[in-house]
Amino acid sequence: MPLTAAVISGLQKFVLYETRARFFLVGSNQAQTCHRVLKIDRTEPKDLVIIDDKHVYSQQEVRELLGRLDLGNRTKMGQKGSSGLSRAVSAFGIVGFVRFLEGYYLVLITKRRKVADIGGHSIYKIEDTNMIYIPNDSVRVTHPDEARYVRIFQNVDLSSNFYFSYSYDLSHSLQYNMMVLQAPYESEEGEVEVTATNKQDSFDIFEDEGLPTQVVQGIKNEPYDKYVWNCRLWEKVKETLHADWLLYIIHGFCGQSKLLIYGRPVHVSLIARRSSRFAGTRFLKRGANCEGDVANEVETEQIIHDASVMSFRNGSYSSYVQVRGSVPLYWSQDISTMMPKPPIRLDQADPYAHVAALHFDQMLRRFGSPIIILNLVKKREKRKHEKILSDELYPAVLNLNQFLPPDHAIDYIAWDMAKYTKSKLCNVLDRLSMIAENVVKRTGFFVNRSDFHCHSLRPDERWGDLGGRLTSTGRVQTGVLRTNCVDCLDRTNTAQFMVGKCALAYQLYALGMIDKPKLQFDTDCVRLFEELYEDHGDTLSLQYGGSQLVHRVKTYRKIAPWTQHSKDIMQTLSRYYSNAFSDADRQDAINLFLQVYQPADNKPHLWELPTDFYLHQSNTLSLLQERRSYTYWWSEGVLTYLPVPYDEVPCEENRKKVLLKRVNRFDESIDIYTEFYKPYELTSFDDTFCISMTNSAREFMPKTVGVDPSPFTVRKPEETAKSISKSSKDETVLQRKTAASAPPPPSEEAVSSSSEDDSEEDREDDGSASQRSTPIKLAESGDSVRTQEEPQPMKEPYGLSLSEPLADADLLTYHRFAHLGQNQHKVEKSDDPPEYRPSDHVINLLPVSYFSGDSIYEVCVPRVSGETRELFEAHVQAAHGTIRNLVREDMLMYREYIKNRYM
């Protein structure tokens, strides 16, 4: 079988030239050795006429072509000043063509920024775009509502979280892209294009020896339309243009950070793909449509790869995919009441779970089995709100499972996360860790490497129970976790982080980076991963809910700073304002951008529609031609290959989606080395993306000498690089203010213990660590002598001179401070001198302790009742082995504890 490689788009730089009659769009590859020309007619007022010149030009040929066009379009021959061909704009890609009520517009990407790199394949974020009207002003037929449609279309900010790549298919997972490269292909199938290259463009070291040239099959697969946001913008011209002109963009999030393991670079990437079907804003898009597409559906993929080896063929790569999405039912919320939580209503009765069947059929095709549902909505409420969804979803899953084989049934996990958060008896993240461990063991994950020898040297019992499917080259993930709450924002992001953290441990273990598949909180690795997930959650929350996350991972760990509460309130208000006042305009912009609504003269305008329900529910506008079976609700062929996803099976249907191109192994269309390193350009090393990306050693590891550089070492919050990076002056001022305003801490452990996962050794070393963290600047010998000879005045450090008489205002301030310290945990004494008794304008603190006298001066033993003393004696006897007989109340309490803790 010949080698395979992903085809790199041959058009990455564009220049738009214009004349009075035509636009000439000249596209070239990165090295500007191959050029193509696109001719766009400007004389048609409402039609789009495009001619794709199939010829591939060299740089010299395209210059001669532009020169002839310039010469032929001048108004007077021989006048160099009146050029007939002018350069309009430079770009890096085409988003597509769109028309409202007048002529067509051309949308170009004018600025880009590299945000990630996966195996040498660069991923870019759109930074700026340009929308160019195609028809000439002389033939333009104006319409009074055209400008309003343009403003609505531009409300979709393309510079906000839209991503593309010239060589990597972002609409598919890494597992799919690599499985396509590994699948066997025959030369007769697909589109076969043998390219002949000149000796000037490439060379073959075996050519002079008479040996055959090695042929590589370049592969280009069709994108997954569900996660592509500009598919409709290419519909008009997709069939007539060469594939290199087509650039597909995704919407969501893309972030990458570098994890340094003793100098070995490991790239941690997070890619979120937002579905373009049934897309919209929070209260305007709930549940699912008639085709099984749900609101706020996002596929999140975490990719781990050893950056020391770049290529897909020789490198080590691993990925794990999980999904979030609204509950797949017909439901909505009435926003006309202007309530923070509008009541949930079920719009249509679906006794046979038809819409849920369509949704899970899509998931079985793309992910295989098992499909695991993690439902985080509330189960106990005074007034039924979220519970309505659980009462409908669970019977729907039961109905669908009775027709599936038991081995591939849909798993349903219902867990009231909000209730457990309020409970003091259980830890939310501990429970999520147990769920995550179970999920990852069942679905497995993708890795393109077989087990390392270190796995046999240091075996782990959990590694043998791992699910998924073993292949000759590694492992494949089968199945997926689908997480949802009501909004799929705050609770869902925390749950996905815990599952991702568990999967990250297995991925690093599979790549031979750690000795056991377990990661602790408060390590550089987990902090880096948590920061990625918080950025991911904030971005998705802004897109759907209009504000950043309200509850974060630190909130559920209960280590969030006290200032976080006020930030949460502001985010809640921001989300409410966005939902009430701006979501309708954003929804109109999304409908227009995705071409769900296409303006026409004989249709009502977009802003005149009372609802967009009919735009997203196609069955309301036409009669059903055929009705799917309620029992055999899956697509044909899906069950045959389970647990492997049908989309990844090398069957005839999937082979038609792949285009083959036989090329020389040195052809630039598959040369990822030249594409990544650009040896023909002068590049500054400091400006490269690998230097500017987030680095665990630079951003999180302490700069103190002698600290363990391992990113898997548990550190305290004050030991991180971000907290130590402050200047010593700011720290001294901050400590001075803290010491002057705050009472002494009740214990060293309460301050230094950063999380519930800290070990006992960490707690024993709290005292020394707190001393080390105090910024004390040791003076040199010369400095000490100078200090003794020239004493520092008191006014500079203390703000006053003690040798001078104090003013009455300063003395009153001191009395207030002393009063606060004395009354922090004690009852006000009545035998104080009259001048020190608190006046009306002094703050009086209420006692918060059961001790009658509790201060730094004295402690009085409190009086306790006999029942309390008996309870204490029973605890002491239990410690010595004497246990009293259990009563019925004790058994009920123990059962409730076990139920809340483990069930």
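Buried means under 20% relative accessible area, exposed over 50%, and partly exposed in between, with a 1.4 Å probe and protein chains only. Helices (H or I, at least four residues) and strands (E, at least two) are DSSP runs, numbered from the N terminus. This is a predicted model, in which local features need pLDDT of at least 70, side-chain atom pairs count only at pLDDT 80 or more, and totals for chains, interfaces and linings use all residues. Residues are numbered from 1 along each chain as its sequence is written, and side-chain values use heavy atoms, with hydrogens and water left out.

Start with strand β24, residues 658-664. Five of its seven residues are buried, so the strand is mostly covered. Its partner is β11, residues 215-221. The two run antiparallel and are joined by seven bridges. Two strands pair if DSSP finds at least two bridges between them. Within this pair, Lys 220 stands opposite Leu 659 of β24.

Now turn to two helices. Two packed helices are described by the angle between their axes and the distance between the axes. Helix α10 spans residues 490-510, and helix α11 spans 524-544. They pack at an angle of about 140°, with axes 10 Å apart. Axes are lines fitted to C-alpha atoms, for helices over the stretch in contact, and angles run from 0 to 180 degrees between N-to-C directions. The pair is therefore oblique. Angles under 35 degrees count as roughly parallel, over 145 as roughly antiparallel, 65 to 115 as roughly perpendicular, and the rest as oblique. Residues making the contact include Phe 497 and Leu 504 of α10, and Phe 529 and Tyr 533 of α11. Contact means heavy atoms within 4.5 Å.

Cys 488 is buried, at 1% relative accessible area. Tyr 262 also has a positive phi, about 55°, and is not a glycine. It lies in the loop between β12 (250-261) and β13 (264-274). Tyr 262 is exposed, at 57%.

Thr 19, between β2 (13-18) and β3 (22-28), is buried at 8%. Leaving aside neighbours within four places in sequence, its contacts include Phe 24 and Arg 42. The peptide bond from Ser 369 to Pro 370 is cis, with omega near 5°. Pro 370 sits in the loop between α4 (354-367) and β18 (371-375).
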